[in-house]
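This report describes one protein model for a reader who is new to structural work. Please keep the sequence and the structure in view while reading.

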Amino acid sequence: MNVLFKKRGKMATITIHNVPDELIAIIKKLAEQKGVSIEQEIRDLLQSRYARRSATIDRIRRRWDTLPVQNASQLQDWKKQGRP
């Protein structure tokens, strides 16, 4: 697949070439079941996939910042001890 990005105004345009017919058929069927256009279904798929991922990464980063910092010698001690 080849992908082309264009920025026009506030929203970008994505053009994708060489999408397999089987994939188009799946997306088309999903869109029909929901009563939306193929374009809207693809937007929804991208939003659900990448918005969730971004939120998860943000949550992990916030959690990481709350964890205590361990020094190198403590980590080495844990490695030597191994698992209980």
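Between which two elements does the loop that holds Asn18 lie? Asn18 is in the loop between strand 2 and helix 1.

## Basis of the model

This is a predicted model, in which local features need pLDDT of at least 70 and side-chain atom pairs count only at pLDDT 80 or more, while totals for chains, interfaces and linings use all residues. Residues are numbered from 1 along each chain as its sequence is written, and side-chain values use heavy atoms, with hydrogens and water left out.

The predictor's confidence in each residue is given as pLDDT, on a scale from 0 to 100. The protein has a mean pLDDT of 87, and 89% of its residues reach 70 or more. Among the elements, helix 1 has the highest mean value (97), and strand 1 (residues 2–8) has the lowest (63).

## Overall fold

The protein contains 3 helices and 2 strands, arranged along the sequence in the pattern β-β-α-α-α. Helices (H or I, at least four residues) and strands (E, at least two) are DSSP runs, numbered from the N terminus.

Of the 84 residues in the protein, 4% are buried. Buried means under 20% relative accessible area, exposed means over 50%, and partly exposed lies in between (1.4 Å probe, protein chains only). Among contacts (heavy atoms within 4.5 Å) with a separation of 6 or more, 0% join residues 24 or more positions apart.

Asn18 has a phi near 60°, a positive value in a residue other than glycine. Asn18 counts as exposed because its relative accessible area is 58%.

Two further residues belong to helix 2. Glu41 is placed in this helix and is buried, because its relative accessible area is 1%. Leaving aside residues up to four places away in sequence, Glu41 touches Ile27, Leu30, Ala31, Lys34 and Val36. Thr66 also has its place in helix 2 (residues 38–66), but Thr66 is exposed because its relative accessibility is 54%. A polar atom of the Thr66 side chain lies 2.6 Å from the backbone oxygen of Arg63.

## The largest pocket

The largest pocket holds about 580 Å³ of space. A pocket is an open set of points on a 1 Å grid over the protein atoms alone, where a 1.4 Å probe fits, with protein on both sides within 12 Å along at least five of seven lines; lining residues have an atom within 4 Å of a point.

The lining has 15 residues, of which Ile14, Ile16, Ile42, Arg43 and Leu46 lie nearest the centre of the pocket. Strand 2 (11–17), helix 1 (21–34) and helix 2 each supply at least two lining residues.

How values were computed
Polar contact = N/O pair within 3.5 Å; in protein donor to acceptor, adjacent residues only side chain to side chain. Points joined across faces, edges and corners; volume = space filled by probe spheres on them.
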